[in-house]
Amino acid sequence: MRTEMVEEQIIKRGITHSATIDALKTVPRHLFVPSDLQIYAYHDRPLPIGHNQTISQPYIVAYMTEMLNLKSSDKVLEIGTGSGYQAAVLSKIVKEVYTIEIVPQLGKQAETTFKKNNYTNIGCRIGDGYHGWEEHHPFDAIIITAAPLQVPEKLLNQLKEGGQLIAPIEKNGQQYLTLYTKTKNKIKTKQLIAVRFVPFTRHKD
């Protein structure tokens with residue numbers, strides 16, 4: 001089912017980055033969805049994971065990953081661990097993944113799944129992703145899996161020069177995946193496809 005998902009929903013829809021394709025073939029998505037929904041794990045659809053959060057559809061996971069053009073030596077920060085599927089996919093491509101989840105129950109559950117299935121290059125933290133993960137910056141890439149109105153300046157500051165950040169940004173009531181590239185003098189932005197993600201949530205100060 002996983003191979004069929006990749007061939008029918010990922011490759012046929014234009015994903016060509018070989019490391020991304022290999023990662024989606026390898027990571028068992030059914031381990032990252034609630035047990036009663038595992039029969040839908042390899043359908044191209046988001047699924048609820050509790051606490052008003054979702055696991056993204058496989059195509060969107062593949063698309064966001066491909067757009068970052070990752071290398072095996074990279075260090076990546078993810079904001080919004082959810083059930084951990086996106087982080088697991090990234091972990092098969094890059095050297096180190098750091099992921100932050102604001103909902104404690106989800107963060108702990110994801111960490112348990114990582115440990116149980118030997119994802120040893122993922123660091124987890126429960127907290128407000130708005131602040132990033134200062135101790136481990138700079139990052140080659142940052143991926144945000146919830147929709148802010150704009151990217152927090154702190155996250156852009158934690159990107160390496162030449163690094164990229166991808167996030168769903170809300171604009172006039174519609175969300176668009178947006179790619180940010182950090183150069184020496186400015187941040188370049190490129191609007192990509194329309195999407196629908198849960199809102200970016202923060203701790204109340």
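Helix α3 is mostly covered, with 9 of its 10 residues buried, where buried means under 20% relative accessible area, exposed means over 50% and partly exposed lies in between (1.4 Å probe, protein chains only). This is a predicted model, in which local features need pLDDT of at least 70 and side-chain atom pairs count only at pLDDT 80 or more, while totals for chains, interfaces and linings use all residues. Residues are numbered from 1 along each chain as its sequence is written, and side-chain values use heavy atoms, with hydrogens and water left out.

**Helix α3**
- Among the buried residues of α3 are Pro 58, Tyr 59, Ala 62 and Glu 66, and helices here are DSSP runs (H or I, at least four residues), as strands are (E, at least two), numbered from the N terminus.
- Just after α3, Asn 69 takes a positive phi of about 50°.

**Packing of α1 and α3**
- Helix α1 (residues 2–11) packs with helix α3 (residues 58–67) at an angle of about 65°, their axes being 9 Å apart, where axes are lines fitted to C-alpha atoms, for helices over the stretch in contact, and angles run from 0 to 180 degrees between N-to-C directions.
- Met 5, Gln 9 and Ile 10 in α1 meet Pro 58, Tyr 59 and Ala 62 in α3, contact being heavy atoms within 4.5 Å.

**Ile 122**
- Ile 122 lies in strand β5 (residues 122–126) and is buried, with a relative accessible area of 12%.
- Leaving aside neighbours within four places in sequence, Ile 122 is in contact with residues including Ala 87, Val 97 and Phe 114.
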